[in-house]
Amino acid sequence: MPKVSVIIPVYGVEKYIERCARSLFEQTLDDVEFLFIDDCTPDRSVEVLNWVLEEYPNRKSQVIIHRMEQNSGQAVVREWGAKNATGDFIIHCDSDDWVDTNMYLEMYNEAIARNADVTICDFAVTDGNSSYIKIAACHAKTPEQFVENCLFQRDPWSLWNKLFKRKAYYEIEYPTASMGEDLATVTQLFVKVNKICYVPKIFYNYFQHGDSTIHQTSEEAIIRRYKQLQDNTCITIRHLEQSDKFAQIIAKAKPLLLMNACAPLLAMFECKKYRDMWRAACPHLSFRYLLEAPFPLYSKYSYIKYVIKYKLYK
């Protein structure tokens with residue numbers, strides 16, 4: 001049984017997967033399993049992956065390349081990976097990103113030394129060239145504190161900088177859509193976590209580029225993201241409300257989550273139809289709530305702006 005399983009969805013990353021694959025195959029952790037899951041990619045991503053793998057013969061027995069029967073989206077691909085992983089720990093990696101070569105060894109060693117159920121590291125947001133933003137990814141010492149920080153946007157809920165014991169994935173409700181899937185998954189995993197560990201090192205490089213589906217601006221794409229985010233927000237709320245450990249936390253954060261679930265509609269705020277849809281979906285919005293809720297100021301100001309615009313346009 002490998003120490004760590006890394007789940008890597010593959011779709012439309014022909015230009016980026018070589019960098020990602022090399023950073024994975026050059027890991028200083030020897031006992032690791034890589035699950036590359038081809039979501040019926042229309043380009044040469046898998047071909048590039050295979051020729052890179054030829055340069056790392058010691059990794060061949062550790063690599064699984066699985067092709068989905070049909071294009072299913074990242075959420076379903078990640079579910080397949082989690083259900084088929086065999087490592088003691090599971091972590092994710094997006095195939096257009098890349099990692100420090102010591103990432104999995106150091107995170108695994110910390111998890112074992114501290115008997116942690118989840119180990120968290122810092123990351124950087126980068127355009128691959130000059131733009132580079134360091135993100136401190138954990139300001140909590142307990143699972144309860146961390147989930148509250150995630151819900152109030154003080155700590156990131158990304159999956160790829162969190163190494164979980166595989167047993168945390170047992171019997172969770174997997175999201176079926178991609179928008180908001182990390183939050184829906186991470187919050188469920190933290191319901192099962194007793195001890196967290198934080199490694200304050202930048203091990204993961206999150207690559208922001210215009211090819212990402214998040215940057216699609218058509219009306220169809222925006223509505224699709226809105227519906228996906230609504231569905232995954234419901235998963236998050238439902239499971240936290242069912243947990244004695246997190247019921248009080250979600251009660252405080254629920255209005256903010258419902259508000260955030262409407263965020264894709266703000267891209268079409270000039271249209272009355274979508275302004276009204278946005279307002280109907282989060283009627284709890286008020287200046288008082290926005291001023292008192294404990295989430296970052298930049299988010300408060302953004303939503304205050306839209307509350308004012310809604311009243312003016314209405």
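## Salt bridges

Searching the whole structure turns up 18 salt bridges. Bear in mind that this is a predicted model.

One of them joins Lys-201 to Glu-106, with the closest N and O atoms 2.8 Å apart. That pair reaches across distant parts of the chain: Lys-201 is in strand β9 (residues 196–207) and Glu-106 in helix α4, 95 residues apart. Lys-201 is partly exposed, because its relative accessibility is 40%, and Glu-106 is partly exposed too, at 25%.

An α-helix has 3.6 residues a turn, so residues three or four places apart point the same way. Arg-114 comes out as partly exposed at 45% relative accessibility, and Glu-110 as partly exposed at 27%.

## A loop-to-helix bridge and a network

Glu-173 and Arg-238 meet in another salt bridge, 2.8 Å from N to O. Here the link runs from the loop between β8 and α6, where Glu-173 lies, to Arg-238 in helix α7 (residues 219–241), 65 residues apart. Glu-173 is partly exposed at 29%, and so is Arg-238 at 33%.

Elsewhere, Arg-78, Asp-94, Glu-181 and Asp-182 are tied into a network of salt bridges.

## Aromatic pairs

On the aromatic side, the whole structure holds 13 pairs. One is Phe-146 with Phe-190, a stacked pair at 4.9 Å centre to centre with 20 degrees between the planes. Phe-146 belongs to helix α5 (residues 143–151) and Phe-190 to helix α6 (residues 181–191), so to speak two distant parts of the chain, 44 residues apart. Phe-146 counts as buried because its relative accessibility is 0%, and Phe-190 is buried at 0% as well.

Phe-190 also pairs with Phe-164, this time edge-to-face: 5.6 Å between centres and 85 degrees between planes. Phe-164 lies in strand β8 (residues 162–165), so this pair ties together parts that are 26 residues apart in sequence. Phe-164 is buried, like Phe-190.

Phe-25, Phe-34, Phe-36 and Tyr-56 make up one aromatic cluster. Over at Phe-207, the charged end of Arg-19 sits over the ring, 4.6 Å from its centre.

Helix α1 (residues 17–25) has several buried residues, among them Ile-17, Leu-24 and Phe-25. Its buried residues pack against elements including β1 (4–10), β2 (32–38) and α4 (103–114).

Ile-308 is in helix α11 (residues 297–313) and is partly exposed, at 39% relative accessibility.

Conventions
Residues numbered from 1 in each chain as written. Predicted model: local features only at pLDDT ≥ 70, side-chain atom pairs only at ≥ 80, totals over all residues. Heavy atoms only, no water. Phe/Tyr/Trp six-rings, centres within 6.5 Å; stacked < 30°, edge-to-face > 60°. Helix = DSSP H or I, 4+ residues; strand = E, 2+ residues; numbered from the N terminus. Buried < 20%, exposed > 50% of the residue type's maximum accessible area, 1.4 Å probe, protein only. Lys NZ or Arg CZ within 6 Å of the ring centre and 35° of its normal. Contact = heavy atoms within 4.5 Å. Salt bridge = Lys/Arg side-chain N within 4 Å of Asp/Glu carboxyl O.
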